[in-house]
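Me: I am new to this structure and would like to learn how to read it. Could we go through a few of its features in turn?

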Amino acid sequence: MQHWFPLLAAILVSLACSYRRVALRTWSALTAVAIVAAGVLAESHWLATSITFLVFALVAVPLNLTDFRRKRLSAPLLAIYQKITPQLSPTEKIALEAGTVGFEGELFSGKPNWNQLLRQPEPVLSADERAFLDGPVEELCRMINDWEITHELADLPPPVWEFLKKNKFFGMIIPREYGGLQFSALAHSVVLQKLASISTTVGSTVAVPNSLGPAELLLHYGTKEQKDYYLPRLADGREIPCFALTGPYAGSDATSIPDYGVVCKGEWNGANVLGVRLTFDKRYITLAPIATVVGLAFRMYDPEKLLGDVEDLGITLALLPRDTKGLEIGRRHMPLNIPFQNGPVRGKDVFVPLSQLIGGPEMAGEGWRMLVECLSVGRAISLPSNATGAARIGSIATGAYARIRKQFGMAIGRFEGVEEALARIGGYTYAISALSRATAAAVDRGEKPSVPSAIAKYHATELGREIAKDVMDVHGGKGVILGPRNYAGRAWQGAPIAITVEGANILTRSMMIFGQGAIRCHPFVLKEMQATQLADYRERLQAFDKALFGHIGFAISNAVRSFVLGLTHAKIGSAPGDKYTRRFYRKLNRYAAALALTADTSMLVLGGKLKFKEKISARLGDVLSNLYIASAMLKRYEDQGRPVADQPMLAWAFHDSVWRMQMALDGVLRNFPVRPVAWLLRALIFPLGRREVPPSDRLGRRVAAILCTPNETRDRLAGDVYLTPNANNPIGRMNALLADVIAAEPVERKFLKAVKTLAVKAYDYNGQLAEVEAAGAITSEERKLLERVRTATFEFISVDDFDPRDLEAAVKHGKTVLRSVA
């Protein structure tokens, strides 16, 4: 037996080196020493030791001889790689090069450096940003009556529009030198969350000018003249912008827009100038009906070669004042009774000078790059923030309602079926609020988070829709009957809007998250692809050799780490955190390695076909997404001082994410087209089978209890949502009542017991209270508390009703409309 010790030592040392990711030469030296030492100490036969050492040398020596390795191994592999690697289109190259890579790159590495995450500064608001949130934003929320906006006016009231302009809500991203607020991405996010918590219409209206649109594009690419003229006017609301990208024939496939502009000479302000004659048809354009300046994406052609030798210049962006001759802003769209201003924009033979191109003539044809670079910033904030605000207020409202609403003599929040829904609401809200915070912080660090923005857009809106569904289910009839008292119905109606806009979620999940992440976040794939583009063969071979053998070591390491961490169920390995969270970091180490291994194998085996295996790509994207979300939750927990009271929320959301990762990987392996490869991967990733489970009922009960009781965790979950108990905020009033409801519960139990034991004769509630008080079963103060709570809670369990004539179609100015309901 001892004759096998040198071989065993070589294997064990190689596995340890792969697990730890040591350098090639370090592995070679350690393995050589281990073979010799094992042979001597175990007194193995010299022949067994020699054979083991010889086999090892035949592998190690060529790998360590750099010139030999490049000529004999890397050169032929480079030739093969260049043949089999699919060529990226120019638009794909732009998309891949547009963003930056942050901590998501560590997650894709299979061995995350958690210190990189934990060293990131905690995102905090400045004094000016906090003052704005507590001042103008609070005042705006007091002005908002969402029923008036969504049903009576189908628009914001004039005083709200004026307030938005006066207080520069449309200029949050514009620098102070141009009259804007110059807020951080975090402040931008928190403002949108607070507005979305009282009205998704107002939230959307404020989000768009501060997201992808003329202001963002001008900041990055505008000429000095364009910035000096437009930015001050956009900041104070003299100009209302919209951006026209989507059309009937090009939605998600923005690079195929049929809208075009032809370079020519034409009339502009009384002069004959060089410009572009535009023909376009756009729809779904937010703020278009009231916009004073329209940003337009089109394909630019120069058939007469007036600008140079290129005829098809590519996608270009321009600014069109509303009074531009031929520009037609159509009638309004009505997006699911969430009446933010939205409509079509059209034009035929509309002439604008080249000075109206964003960035001037020099930026002709650069539109796709401009859009992709700006899109990641806007998508990282706007939709995730609106979804987070709606989720947060939904959590607070549903927890309070579940405690107030009684059935069968107890609060509905104590029923296990309702507990289950409350747990999802609380857990998902914890997850997406951490995700929204993480992507805003990334923008503030100067990143252009293309992959995290796709993750945030998809998962915040998808989980937001799940939260809205559970909110509706818990509220029952209260959520179904629309009216001024209904604070849940519009969020449910509008949930599909966020799912659809700024890149439909099916596309985002199936193509974008992993499609971009596999190349952008992978430590070697992009380097290998870039190496093949080098003109000089020697440089190309050197770069490819370095990336290739780094990639090989990376793949072996991830296979070893996946197997070891799967075999130990992630019980081993270095990890940060405290005693409670260290196990969470270890689980993420395991699934990061599993993702890296599966992604590498998929790209190697399927090659260019992986691009069309959208279900596999989507599931791999789910793993990356949940790794990122779980990391964001842990960072949030650390930043907030590791509050023990928050542990049930963190644990529920974390276990849900890990379970989703496991099931996504299992879905990849069950459907992987090359079955022997799938069997090998399963043995490495799940050596003991699938052992992750969804959050337990016991844990869900603790999360539900947090939502139904005033406490610090619930306050942190609420964040800065609008909870002031004024006349137009039923959730604020209900939340303020919650403490009294809880104080009344033991008194109510005592009262109900007395009603049974004292044979109370009265039928009505007040009469029963009087009899029970007279009998001495409750005190006068206790009776007043029950009366006060009974009266107050009636408002929140009541629903609206209308005169039938108010709901009939009426004829106004010759058109059928719905009567306004006062």
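Predicted model: local features only at pLDDT ≥ 70, side-chain atom pairs only at ≥ 80, totals over all residues.

Me: In which sense do strands β2 and β3 pair, and over how many bridges?

Reply: Strand β2 covers residues 260–268 and strand β3 covers residues 271–286; the two pair in the antiparallel sense over 9 bridges. They form a hairpin, with 2 residues between the strands. In that turn, Asn269 has a positive phi of about 55 degrees.

Me: Which strand runs parallel to β2?

Reply: Strand β4, residues 293–301, is parallel to β2, and 3 bridges join them. Val262 has Tyr301 as its bridge partner in β4. As a general idea, side chains in a regular strand alternate between the two faces of the sheet.

Me: How is burial read? Is Cys374 buried or exposed?

Reply: A residue counts as buried under 20% relative accessible area. Cys374 has 1% relative accessibility, so it is buried. Cys374 is located in helix α15, residues 367–404.

Me: What does Cys374 touch, apart from residues up to four places away in sequence?

Reply: With those set aside, Cys374 touches Leu212, Glu216, Leu217, His220 and Tyr221.

Me: Is Asn64 buried or exposed?

Reply: The relative accessible area of Asn64 is 18%, so this residue is buried under the same cut-off of 20%. Asn64 belongs to helix α3, residues 46–64.

Me: Which residue makes a polar contact with the side chain of Asn64?

Reply: Ser28 does, side chain to side chain, at 2.8 Å. Beyond its neighbours within four places in sequence, Asn64 is in contact with Leu24, Arg25 and Ser28.

Me: Which helix gives the most to the lining of the second largest pocket?

Reply: Helix α22 does, with 11 residues. The helices that each supply at least two lining residues are α1 (5–20), α2 (24–41), α3, α4 (66–84) and α22 (537–567).

Me: How many residues of each class are in that lining?

Reply: The lining of the second largest pocket has 21 nonpolar, 9 polar and 5 charged residues.

How values were computed
Residues numbered from 1 in each chain as written. Heavy atoms only, no water. Helix = DSSP H or I, 4+ residues; strand = E, 2+ residues; numbered from the N terminus. Buried < 20%, exposed > 50% of the residue type's maximum accessible area, 1.4 Å probe, protein only. Polar contact = N/O pair within 3.5 Å; in protein donor to acceptor, adjacent residues only side chain to side chain. Contact = heavy atoms within 4.5 Å. Pairing = 2+ DSSP bridges. Nonpolar A, V, L, I, M, F, W, Y, C, P; charged D, E, K, R; others polar.
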